[in-house]
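Trainee: I have a new model open and would like to talk it through with you. Could we go over it together?

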Amino acid sequence: MNKLNNLSLNCSLLVLTLAMTGCTMTIKPPTKPFTGYAWNTKLNLKVALLLTDELRKAQIERKQSGSTFVIPVGPNLCMNAEEMARTLFREVKVVNKLDSVDVTSVDGILTPKFTYGSYMNVAGIIKMKLEWTLTDTKGNPVWAGTASGEGKKTTSFMYNPEDTVKAAVEELFKNSHRAVSSAQEIRQFRSEEHTSELQSRQYL
């Protein structure tokens with residue numbers, strides 16, 4: 001316990017020191033994906049997960065009193081998006097460009113977009129938001145939704161900002177998982193498409 005308190009104190013002092021000396025501090029997100037999702041049956045869909053260069057390079061930046069705080073969230077978001085998608089869909093193929101998608105081998109294209117990120121140093125709060133879209137292989141929209149995550153320091157003074165990032169990421173992907181898994185448009189996507197195909201064949 002003393003070691004944990006000392007670590008938190010050292011991290012807090014480092015944050016305060018950098019804020020006063022005009023340096024740049026990089027706050028590292030977790031290197032392993034969040035895996036604590038509630039169990040549910042996988043959706044019977046094969047999706048291409050589009051992780052764009054924009055998402056891979058995403059970061060949160062905060063300038064304060066001449067100092068800069070940077071949180072390079074992009075790699076973590078991509079890692080977690082893949083982990084989450086594999087818990088939700090029968091098959092997932094990761095691509096980084098739309099023209100890399102083999103439309104003959106997937107049912108749809110799932111794309112996360114980083115739309116917001118903020119870091120309040122003194123308050124010890126980190127916020128993030130992702131926009132999720134699912135389209136069919138022709139680019140027609142099937143579903144769109146957003147999810148947010150927030151991490152807060154757990155003590156009045158001593159805190160480790162990396163723990164705050166971790167909390168924000170975990171909440172972000174718990175909410176993303178809930179949004180995607182509960183979307184009726186996604187659950188009905190293939191069944192509606194199959195019905196449409198059967199109806200069209202009746203007129204051939």
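This is a predicted model: local features need pLDDT of at least 70, side-chain atom pairs count only at pLDDT 80 or more; totals for chains, interfaces and linings use all residues.

Trainee: Which pattern does the protein follow along the sequence?

Mentor: Start with the inventory: the protein has 6 helices and 8 strands. Read in sequence order, they give the pattern α-β-β-α-β-β-α-β-β-β-β-α-α-α.

Trainee: In the open sheet of 3 strands, which strands stand at the edges?

Mentor: The order in this sheet is β1-β4-β3, with mixed pairing. β1 (24-26) and β3 (60-64) each have a single partner strand, so one side of each lacks a neighbour in the sheet. From one strand to the next, the twist averages 15°. The edge strands are therefore β1 and β3.

Trainee: How far apart are the end C-alpha atoms of helix α4?

Mentor: Helix α4 covers residues 161-181, which makes 21 residues. At 1.5 Å a residue it should span 30 Å, and the model agrees, because the end C-alpha atoms are apart by 30 Å.

Trainee: Which residue caps the N-terminal end of α4?

Mentor: Look for a side-chain oxygen 3.0 Å from the backbone nitrogen of E162. Further into the helix, buried residues include V165, L172 and F173. The cap itself is N160.

Trainee: What percentage of the residues in the protein is buried?

Mentor: Buried here means under 20% relative accessible area. Across the 204 residues, the buried share is 41%.

Note on methods: Residues are numbered from 1 along each chain as its sequence is written. Side-chain values use heavy atoms; hydrogens and water are left out. Two strands pair if DSSP finds at least two bridges between them. Helices (H or I, at least four residues) and strands (E, at least two) are DSSP runs, numbered from the N terminus. Axes are lines fitted to C-alpha atoms, for helices over the stretch in contact, and angles run from 0 to 180 degrees between N-to-C directions. The expected span of a helix is 1.5 Å times one less than its number of residues. Buried means under 20% relative accessible area, exposed over 50%, partly exposed in between (1.4 Å probe, protein chains only). A polar contact is a pair of N or O atoms within 3.5 Å; within protein, one must be able to donate a hydrogen and the other to accept it, and residues adjacent in sequence count only if both atoms are side-chain atoms.
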